[in-house]
Amino acid sequence: MSAKPSGRGKIVAAAAAGNFVEWYDFAIYGYFSPILARVFFPEAEGLVGLLATLGVFGAAFVIRPIGAFVFGHFGDRLGRRWVLSFVILTMAGATFVMGLLPSFEQIGVWAPILLTLLRLIQGFSAGGEFGGAASLLFEHAGTRSRGLMGSAQPASIVAALAVSAGLGAALTAGMSEEFLNDFGWRIPFLIALPLGIIGWYIRRHIDETPAFVELQESGEVAKSPIADVFRSNWRMIIAGTAAIVSWTAGGYVTLQFLPTFFNGVLERPISAGLTASLCGLTVYAGFIVLGGWLSDRFDRWKVMLAGAIALAVLAVPCYLLLIEGSVPAVGAAILLFAAALGLVAGPTPAMLAELTPDNVRATYLGIVYAVANAAFGGFAPYIVIALIDSTGLLIAPALYLVVLELIAVAGLIGIAVHMRRKSRRAAAAPVAATVR
């Protein structure tokens, strides 16, 4: 059972709109981390203050798996729509309050403590977003368009990142440094509340997925989704987590890292890094849709494998282009990164969703995505800054990216082996039934 074609556009629009709001809120912290370092960690010097701010950035990813467990459970017990409506309000509220926080100079050590607390709330909320949104899109899609429809999920994430980068670029280019450090940085955080209310309203007016409705009607809703998914799908949790590292962590080390790399490491204007990130993310969103479309025509794991290998090969050359700094060099680097990342991101939601049954899908998707981010993505900016600081190598992010892609290749090979075994068992089943 699937949604009527006329209804799929509404589902994509609703899921993408809410997802956009959720990830705008989460990403804005990362883009303004150099400024937040000065506001909340003013006593730290140089890269130390930036490392402290990025440590808080990464802390949100540590709690993400907890959010994935909690919201994945409720998503498989109560429905995808319920979870998606709840998490967006939680995220928007935490981001809005973050924009109201007093600085270190005003309340001392309580400022970074409260910042960390709100960042943890953001991470808890984000843990429930991917599993719910990816399940919603997959279960409303037709069998021949799952890759394309599922690509709306990562594409909307990237669109949110692009908008937050664009807003950041506009603010930092048009304000004095004094005003930006005092109040200007708060503006994108305060915008989160009205955006969140709009996203909540949209999500409240979408239909529950046909797959979940069928589970309810047949009495097959999982009673213990977390226990069930670990009991029957633990191998695919490991393989899936490794496979999507190419996307989750790769994005942070490349296009999203540009403002921090340009301003905090290369000492260029933060507006230059935000503009480069905006351009790269805009192109990246288009390549994500292309990657999803290709995965409806070729094996999804093959499309993703091509992107992972390309990222490993391009890592060092592209970072050398970024360091060189000319407009053509930076443009070439971000275009190559965007194309390769699109191939790994576009097919991901559909590929993961096909690995598990309907009754534990939200839990599985949430866990895999959250663990991949927590283990490799969330602290990626912190790790590469620390590597640069300790080694003096400006290409340290590229070396970390190569390691990430090797992990992803191993995971994709594991999934390919699993899918082939599954196909062989399905092909042999009718023969076995006939013999009996």
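The secondary structure of the chain comprises 23 helices and zero strands. The radius of gyration is 21 Å, close to the 22 Å that the globule rule gives for 436 residues, so the chain is as compact as a globular protein of that length. The model is predicted. Its C-alpha trace spans about 80 × 40 × 35 Å along the principal axes. Of the 436 residues, 56% are buried. Among contacts with a separation of 6 or more, 85% join residues 24 or more positions apart. The accessible surface amounts to about 16800 Å². Carbon and sulfur atoms hold 68% of that area.

In one of them, F71 and F124, the ring centres lie 5.2 Å apart and the planes meet at 55°, so the pair is tilted: the angle falls between the 30 and 60 degree limits. This pair links distant parts of the chain. F71 belongs to helix α3 (residues 47–77) and F124 to helix α6 (residues 110–126), 53 residues apart. F71 has a relative accessibility of 5% and therefore counts as buried. F124, at 25%, counts as partly exposed. The pair W185 and F189 has its ring centres 5.5 Å apart. Its planes stand at 80°, so the arrangement is edge-to-face. W185 is buried, at 0% relative accessibility. F189 is buried too, with a relative accessible area of 0%.

Ring pairs also build a cluster. Its members are F71, F74, W82, F86 and F124. A charge over a ring occurs elsewhere: the charged end of R268 sits over the ring of F262, 4.8 Å from the ring centre.

S125 lies in helix α6, the helix that carries F124. Its relative accessibility is 0%, which means that S125 counts as buried under the 20% limit. Neighbours within four places in sequence aside, S125 is in contact with E22, F71, V87, T90 and M91. One of these partners, F71, is also a member of the ring cluster.

Salt bridges form a further set of links. A search of the whole structure finds nine. R80 bridges to E139, with the closest N and O atoms 2.6 Å apart. This bridge connects distant parts of the chain. R80 sits in helix α4 (residues 80–98) and E139 in helix α7 (residues 129–140), 59 residues apart. Both R80 and E139 are buried. The two residues also take part in a network of salt bridges that links D76, R80, E139, D358 and R361.

E354 and R300 form another bridge, the closest N and O atoms being 2.8 Å apart. The partners fall into separate accessibility classes. E354 is partly exposed, with a relative accessible area of 23%. R300 is buried, at 10%.

D299 forms a salt bridge with K302. The closest N and O atoms of this pair are 3.5 Å apart. D299 has a relative accessibility of 39% and counts as partly exposed. K302, at 42%, is partly exposed as well.

Technical notes. Residues numbered from 1 in each chain as written. Predicted model: local features only at pLDDT ≥ 70, side-chain atom pairs only at ≥ 80, totals over all residues. Heavy atoms only, no water. Phe/Tyr/Trp six-rings, centres within 6.5 Å; stacked < 30°, edge-to-face > 60°. Helix = DSSP H or I, 4+ residues; strand = E, 2+ residues; numbered from the N terminus. Buried < 20%, exposed > 50% of the residue type's maximum accessible area, 1.4 Å probe, protein only. Lys NZ or Arg CZ within 6 Å of the ring centre and 35° of its normal. Rg over C-alpha atoms; globule rule 2.2 N^0.38 Å. Contact = heavy atoms within 4.5 Å. Areas by Shrake-Rupley, 256 points an atom, 1.4 Å probe, with all protein chains shown as cover. Salt bridge = Lys/Arg side-chain N within 4 Å of Asp/Glu carboxyl O.
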